[in-house]
Every structure is written in structure tokens, then in C-alpha cells.
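Reader: I have a structure open and would like to talk it through slowly. Could you help me read it?
Author: Gladly; let us look at it together.

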Amino acid sequence: MPNVIIAMNARPEKSIGGQGIIDWYTKYGYLSDFLDVYATEGKMIYNKVSRLYEIHFTPNESWPKTLEAQAEEAETYLGNPDDDGNYPIDGYTVEAQIRFIDGQQI
């Protein structure tokens, strides 16, 4: 399967910059939780041109086949990894939303 790119925005309550969000997803295991289930390999980057965070990964057989199911799983693991969609970074909150999967708007 070809690589998949998920693009999302993340709005922190506190300005922590592009790498700060990536560090947070890494530190608290949200990125690895997603990759462990759906990928054979992957990484998260900040695209300075689009100003979106991107998860680039090679999907495994568990990755859903339909865009609707992919969006639901991406939102569960990456956009809304806790019950209310707000999660603290050093006492502040971040809200994230999946915007594109392989260039298709969600």
C-alpha cells in the first residue's frame, strides 16, 4: 500500500509552536498508539506552508478501506484522544481536527 498522509490542525491555548505539538503527541503516546494499530512505520511533521500537522505513514492491513472509516479512526486517535477533545499541555488545552486524508477534505 502507498503511504498515507493525514493532515490536521491543532490549536493550543498556549503558543507552543509546531514542534511543541509534535512533542506532546509523542510524549503522551497518542502518535504511537495510532501508529501501533494502523501503520508499519510513520512520523509526524509540521508543514510550514499549509500550517497543518501531518502524519505520514505506511498503512498496515488494519487501516480502514473507506474514507469515512479512516476519518473516524484518525479523529478518535489523533483529533480527539480523550473524552472531551481537550487535553492539557503543561496545564493548557489543545483542540485538534482532522482536515485531510490523502488530499481529500474531511
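Author: We can begin with a term: a nonpolar core is a set of buried Ala, Val, Leu, Ile, Met, Phe, Trp, Tyr and Cys residues joined through side-chain atoms within 4.5 Å. Buried means under 20% relative accessible area, exposed means over 50%, and partly exposed lies in between, using a 1.4 Å probe and protein chains only.

Reader: And before we go on, what kind of model is this?
Author: This is a predicted model, in which local features need pLDDT of at least 70 and side-chain atom pairs count only at pLDDT 80 or more, while totals for chains, interfaces and linings use all residues. Residues are numbered from 1 along each chain as its sequence is written, and side-chain values use heavy atoms, with hydrogens and water left out.

Reader: OK, how many helices and strands does the protein have?
Author: There are three helices and six strands, where helices (H or I, at least four residues) and strands (E, at least two) are DSSP runs numbered from the N terminus. Their order from the N terminus is β-α-α-β-β-α-β-β-β.

Reader: Back to the core, then: which residues have the most contacts inside the largest one?
Author: The largest nonpolar core has 26 residues, and those with the most contacts inside it are Ile6, Met8, Tyr25, Phe34, Met44, Ile55 and Phe57. At least two residues of this core come from each of β1 (4–12), α1 (17–27), α2 (30–38), β2 (39–47), β3 (52–59), α3 (67–79) and β5 (92–101). With five residues, α2 gives the most.

Reader: What is methionine 8 in contact with?
Author: If we leave aside neighbours within four places in sequence, methionine 8 is in contact with a list of residues including Tyr25, Met44, Ile55, Leu78 and Ile98; contact means heavy atoms within 4.5 Å.

Reader: Changing topic, in which sense do β2 and β3 pair?
Author: They pair in the antiparallel sense, over eight bridges; two strands pair if DSSP finds at least two bridges between them. Lysine 43, for instance, has histidine 56 in β3 as its bridge partner. The hairpin of these strands has four residues between them, and arginine 51 there takes a positive phi near 60 degrees.

Reader: And isoleucine 45, where does that one lie?
Author: Isoleucine 45 lies in strand β2, and it counts as partly exposed at 30% relative accessibility. Not counting residues up to four places away in sequence, isoleucine 45 touches Ile22, Leu52, Tyr53, Glu54 and His56.

Reader: How many aromatic pairs are there?
Author: The count comes to 11 aromatic pairs. Rings of Phe, Tyr and Trp (its six-membered ring) pair if their centres lie within 6.5 Å, and planes under 30 degrees apart count as stacked, over 60 as edge-to-face and the rest as tilted. Tryptophan 24 and tyrosine 25 form an edge-to-face pair, 4.9 Å centre to centre with 90 degrees between the planes, and both residues are buried.

Reader: Why is the pair of tyrosine 38 and tryptophan 63 edge-to-face?
Author: Their ring centres are 5.5 Å apart and their planes stand at 75 degrees, so the pair is edge-to-face. Tyrosine 38 lies in helix α2 and tryptophan 63 in the loop between β3 and α3, so the pair ties together parts that are 25 residues apart in sequence. Tyrosine 38 is buried at 6% relative accessibility, and tryptophan 63 is buried at 2%.
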